[in-house]
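Please look through the sequence and the model first, then read on.

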Amino acid sequence: MGRRPLPRLRLGSAGGTPLVPPGRGRAFARSTADGVADVLQPLVALSRGLRVLAAVGRRKWTELPGDRRGPVFTLAVACGFVLYLLPYGPLAAAISLIGAAGWAGRGRAGAATETPADGTERLRTLYEALVPYFSASEDPSPLYSHGGDWSEAFDSFAFDENGRLTRLRLHYPAYFTDGEPAARTRIEQLLYAKSGRGREYLFEWDEEANNLTLTVLPALSTAIHAQRFVTAPGETVLGFTDPSSVQRTLPVLAGPETCGEDEESAEGTREVGLKKAAGDGPETQDVPPVVWRTGPRSTEPHLLALGQPGSGTTTLLRSIALQALSQGEVLVVDGGGTGEYACLSGRTGVLAVECGPAGMLATLEWAGHETERRLIAANRARQLRHPPPEDIRRPLWILLDRPSVMSHLAAADGRTDPQELLSVPLRHGRAANVRVVVADQLDAAEALSEAVRSHTRARVVLGPVSSEQVTAVLGAPPHTTPTPEVPPGRGYARLGAGPVHRIQVPATPDPYDEAAGEAERQAVLRLLPAPDPAAPQAPAPVGG
Ligand SMILES: Nc1ncnc2c1ncn2[C@@H]1O[C@H](COP(=O)(O)OP(=O)(O)OP(=O)(O)O)[C@@H](O)[C@H]1O
């Protein structure tokens with residue numbers, strides 16, 4: 001009897017519908033792989049955790065001074081022996097070890113899932129670049145070695161949606177000279193270059209734990225414009241900074257971001273402290289301010305702002321003037337003669353806005369005499385135990401833009417150097433309730449008088465500046481890496497011996513400047529005091 005052939009399975013698509021459609025086959029393979037991965041996940045985490053524990057143990061061992069290794073080894077052996085003798089001791093030790101390894105491996109598994117495809121390669125490159133700095137030939141088991149395991153050195157990291165590193169915490173060997181600024185700078189520069197230039201990085205060194213944490217700072221918001229800030233008497237808002245930099249916040253109205261797309265993409269992260277306003281209208285946000293305190297007890301009664309051309313020093317002075325006018329009287333000397341303070345002319349509380357050389361000298365001479373008069377009146381009142389007289393209670397603000405130009409012109413004309421006339425207000429301003437604010441360009445810093453340099457303890461530097469320039473102006477380096485491209489009004493500030501803050505000055509344009517945004521110009525116009533009836537008529541604002 002002949003055998004009936006078995007029916008042929010139709011696996012191919014020729015001549016009919018395939019038994020297993022290709023899409024379903026791929027899905028089946030993927031779900032099988034996922035299932036296997038899920039089953040193996042605890043094992044993977046466990047083995048990773050064991051590797052981490054071994055690495056930590058090895059690191060601790062290498063960091064131990066030679067004379068302490070013997071006693072530590074003896075203690076470890078003794079503990080092991082006691083455990084061996086205890087009933088269920090080896091079992092308890094094994095369970096504890098598995099638990100610890102599972103815990104150590106668990107967190108790392110989570111971190112690894114966030115790593116983009118080329119993230120591992122980036123971390124490996126970074127690790128290799130650090131080897132020459134973090135290794136020594138006499139180290140028997142170096143944490144950093146060519147071809148070594150980067151995961152032992154980098155214990156947490158994060159990437160942004162573009163696959164760029166945004167946070168990294170690394171361990172370094174105890175023998176690395178982290179107390180030396182030069183050694184630190186070398187590492188920071190290397191990490192800056194390898195992690196992507198153009199972003200601002202914060203480096204935090206933990207010398208006790210031999211850890212370095214790198215964080216990419218988000219761009220400061222450019223959405224805050226001039227407005228009445230909620231401050232106490234004697235406080236002036238210079239700008240806004242990072243939440244981690246100051247304890248306090250101020251409620252402010254913020255419009256849509258005014259910075260270009262370039263800046264956002266250059267820094268690669270979202271703005272600090274502010275969400276971009278959803279519509280075009282401003283919204284209230286709580287933002288950390290850099291507040292400068294002046295008054296009889298202030299240790300930094302005068303301010304110096306330096307910047308690259310067009311970086312926003314005039315805008316900062318205008319912002320200070322508008323805040324000062326709510327409590328005091330203002331005198332503006334515009335050495336640049338650009339007329340960018342014309343909006344203040346003839347307003348109540350504005351004593352003068354001077355642009356011409358003769359007028360500037362006369363105004364500064366008057367300011368010197370007024371300081372002496374206030375000083376004498378304050379001293380007399382103090383001796384008689386009376387409160388200060390009414391006419392010296394309102395602070396007098398002297399704002400000087402580009403004194404270096406004034407000095408140059410005065411020298412050419414054979415006149416008195418206007419900066420000399422400033423020395424009395426600078427020296428005695430604190431007791432006489434007189435505040436001096438000087439703004440100039442960075443390259444003119446050499447032309448500033450000794451009195452200006454030594455009495456201005458509140459400092460601001462704006463524009464694209466190097467770390468060295470920040471150090472030269474503020475007396476301390478920034479704790480971040482300055483970026484080569486910044487919007488106007490961006491820089492660093494330091495009050496006395498305090499920390500260096502990143503800063504963004506509120507947009508306070510000349511309201512007569514048609515190129516400025518309408519909302520910002522209107523905000524400045526709203527803050528201007530009413531015209532002084534006794535003063536000559538101020539010019540009408542353009543389009544205002
Ligand atoms: N904080 C800011 N926010 C928004 N725009 C600003 C800010 N600061 C300055 N700007 C804009 O940048 C331009 C230059 O500003 P500003 O005149 O204040 O700079 P500057 O340093 O005084 O320049 P210069 O060297 O010409 O004196 C202006 O158009 C101004 O509106």
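Two strands count as paired if DSSP finds at least two bridges between them. The model is a predicted one, and in it 4 strands form an open sheet, in the order E1-E2-E4-E3, with antiparallel pairing. Strand E1 (154-159) and strand E3 (200-206) lie at the edges with a single partner strand each, so one side of each has no neighbour in the sheet. From one strand to the next, the twist averages 10°.

Phe159 stands opposite Leu165 in E2.

**Two packed helices**

Two packed helices are described by the angle between their axes and the distance between the axes. Helix H9 (residues 357-383) packs against helix H12 (residues 423-432) at an angle of about 35°, and the axes are 9 Å apart. The crossing of H9 past H12 is left-handed. On the side of H9 the contact is made by Ala367, Gly368, Thr371, Glu372, Arg374, Leu375 and Ala378. H12 contributes Val424, Pro425, His428, Gly429, Ala431 and Ala432. Sorted by class, the contact of H9 with H12 has 7 nonpolar, 4 polar and 2 charged residues.

**The chain as a whole**

The protein chain has 15 helices and 16 strands. How many of its 544 residues count as buried? The share is 33%. Among contacts in the chain between residues at least 6 apart in sequence, 71% join residues at least 24 apart.

**Confidence**

For the protein chain the mean pLDDT is 84, and 82% of the residues reach 70 or more. The predictor gives the complex an ipTM of 0.98 and a pTM of 0.74. Stretches where pLDDT stays under 50 include residues 1-23 and residues 108-113. The table lists them with their contacts in the model.

| Stretch | pLDDT | Contacts beyond four places in sequence |
|---|---|---|
| Residues 1-23 | under 50 | 7 contacts |
| Residues 108-113 | under 50 | 7 contacts |

Key. Residues are numbered from 1 along each chain as its sequence is written. This is a predicted model: local features need pLDDT of at least 70, side-chain atom pairs count only at pLDDT 80 or more; totals for chains, interfaces and linings use all residues. Helices (H or I, at least four residues) and strands (E, at least two) are DSSP runs, numbered from the N terminus. Axes are lines fitted to C-alpha atoms, for helices over the stretch in contact, and angles run from 0 to 180 degrees between N-to-C directions. A crossing is left-handed if the near helix is turned anticlockwise from the far one by less than a right angle, and right-handed if clockwise. Two residues are in contact if their C-beta atoms, placed from the backbone, lie within 7 Å. Ala, Val, Leu, Ile, Met, Phe, Trp, Tyr, Cys and Pro count as nonpolar, Asp, Glu, Lys and Arg as charged, and the others, Gly among them, as polar. pLDDT is the predictor's confidence in each residue, from 0 to 100. A residue is buried if 20 or more other C-beta atoms lie within 10 Å of its own, exposed if 12 or fewer, and partly exposed in between; C-beta atoms are placed from the backbone.
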